[in-house]
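Here's a quick walk through the packing of this protein, with an eye on its aromatic rings. Have the viewer open as you read.

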Amino acid sequence: ALEKDREKRYQSAAAFADDLAAVRTLRPIAARAVGPLGRMTRWAKRRPVLAALTAALIITIPVVAGLAGYIWANLPNIEAQRQARITDRVETALELGWYELHHGRAVRAVSHFEDALQQRIVPEAVVGLALAQLKLKQPQSALDSLEQAESQLPDPKVLLSVKADVYRALGRRRDAEKAAAQAPRPDSALLWFVEGTRSLRRGESAGEGTEKGQAAFARAEAMLRRAVGASERPRRAYHFQLAHVVGHRGKEATSHAVADTLGALWPRSAMAWFWEGYSYRRTNLERALDAYEKAVRLDDDLAVAHHNRGHILRRLRRFEEAEDAYRRATRLDPDGVLYHFNLGTLLKQLGRREQAAVALRDAIAAYGRAKHRHLYYVHAHIDLGMILQHHGKLDAAIEMLRKATELGPRVARAHNQLGVALQQKRDLPSAESAYREAIAIDPTEALYPYNLGTCLQDQNRLDNAVDAYRQAISIDKDHVRAHKSLASALSRQSEFATAATHYRRAYEIEKNRNDKQARATSIKLHRAVQRRARQLRRDDELDKAIEVLQEYATAFPEIDAFTKSLDRWKKNR
């Protein structure tokens, strides 16, 4: 009777009366009581929020229970996947950290190693972090990092060899000796890796072109090969470090075998293809270029792959593409000092000196931000000094080159180029000192004694100049300018026979090279021979003079001047 819905109420008073009469006589009635669903509906309308929460619980509880059952049943697989993701993050951080450390960017290396340690305490990251802090001249921070990690590693003795390095940097010699004595001999993948990376670091410090550096690289390769072989599973950091060291050694068969392994193990890794390109960069330029291009296709933001691709393109003389690749690298990584430096040297090579100067200044600024003095930092100052010298800004050039010698006191090229600028400034004594310093640092480079000879000749010290030129020729028997300058100095000393010998050698070299200078040298050669002939005639050795002319006319029939001189001398005889 009280239903709000019209259809559910009694349709008339008579129908209501019939039901009341049926109640009195105990007969069945037409009305029906509200069922559970109806009562629930009415309650939901009165309490809509509570009803919604109740409905959500009724639906969610079975779903959650089912999901919990699934998770419980698959918990080992889920945990394995989580650990795999952590391992991948750690391996990526390690490979980037070691790359940055060995390329002079210790600040970035620290960041990558710390990222690895946030995921998991692994000895490779602890060692890398300590070595990066050593490179940043922070030995106390390196010691703190090692000591903090010791309590969290199953075998802290693996850190002792690096700890000895840190103690040495702190000046604690006794502690260093004790740590080195207690350090275990390499007998596991981890220890071989640690020793290999330490040797690689020593090789790079000594220099790729030095005997000491190559010895360190050889030991590093032996250690890293053992690490790779003894590892329970392929480790990217281990393989990439091995690729790095064999790339330094430049052995074709070895580097190719290592490189081909990388692409097979990690075909979807941009860094794997990067290291393959690095391994092929000296022996197969096309293969190296292909590998670098695969790397940038997989990761277009990998600045180092763009830079190295530019390096290969430059060697292939595809200069426009090389410039684009270098510029891409500098945009991706404005602090990439080597990227700016190589862009600058390319532009200098192409004769675009103003743009080169900008790039080299960017390189120097980037080195300043990095707070690290890599060898290329010195060469950036040298090249910028040469550009300033080319534009006639001698004082600025000398200042820049003096800075280069301060930054790299053992870089012979810096002293030599300073000497060139000082000689151009006519400060000949200072130029001579700079050249002699370059020779003392690197006695195997013919250019340095040659430049010293020109400086001494400018001071009219011909005997000393002759000695310097002879030194240059003893280093490089085909040094054309040294032969010609020596001949010039000897001519001034009236030693025309010896002068002619050196002009003759210079002419032969230039002629074989199709050098345009050969004609000018032939004129100087003819003059030296003529002077020798006149000298002989004055000594009443006319026949000998004619023999000398005959010798040269026969040896160089293409030089008409000798034939004409010979004919004239025969007529005058």
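Two residues count as being in contact here when they have heavy atoms within 4.5 Å of each other. On that basis, and leaving aside residues up to four places away in sequence, Phe 113 touches Leu 94, Gly 97, Trp 98, Leu 101, Glu 124, Ala 125, Gly 128 and Leu 129.

Keep in mind that this is a predicted model. The average pLDDT is 85, and 91% of the residues score at least 70.

**Cores**

Which residues touch the most other members of the largest nonpolar core? That core has 104 residues, and the answer is Trp 98, Phe 113, Leu 159, Val 245, Phe 274 and Trp 275. There's also a second, separate core of 56 residues, with Ala 412, Ala 468, Ala 489 and Trp 569 among its members.

Helix α11 (residues 236-249) is worth a look too. Its 14 residues reach 20 Å from first C-alpha to last, close to the 20 Å expected at 1.5 Å a residue. Of those 14 residues, 13 are buried, so α11 is largely enclosed by the rest of the structure.

**Aromatic rings**

How many aromatic pairs does a search of the whole structure find? It turns up nine. Here are two pairs, described by the distance of the centres and the angle of the planes.

| Pair | Centre to centre | Angle between planes | Geometry |
|---|---|---|---|
| Trp 275 and Tyr 278 | 5.2 Å | 75 degrees | edge-to-face |
| Tyr 552 and Phe 556 | 6.2 Å | 25 degrees | stacked |

Trp 275 and Tyr 278 are separated by about one helical turn, because they sit three residues apart in helix α13 (residues 270-280). Both Trp 275 and Tyr 278 are buried. Ring pairs also tie these two into a cluster with Phe 274 and Tyr 292.

Note on methods: Residues numbered from 1 in each chain as written. Predicted model: local features only at pLDDT ≥ 70, side-chain atom pairs only at ≥ 80, totals over all residues. Heavy atoms only, no water. Phe/Tyr/Trp six-rings, centres within 6.5 Å; stacked < 30°, edge-to-face > 60°. Helix = DSSP H or I, 4+ residues; strand = E, 2+ residues; numbered from the N terminus. Buried < 20%, exposed > 50% of the residue type's maximum accessible area, 1.4 Å probe, protein only. Core = buried A, V, L, I, M, F, W, Y, C linked by side-chain atoms within 4.5 Å. pLDDT = per-residue confidence, 0-100. Expected span 1.5 Å × (residues − 1).
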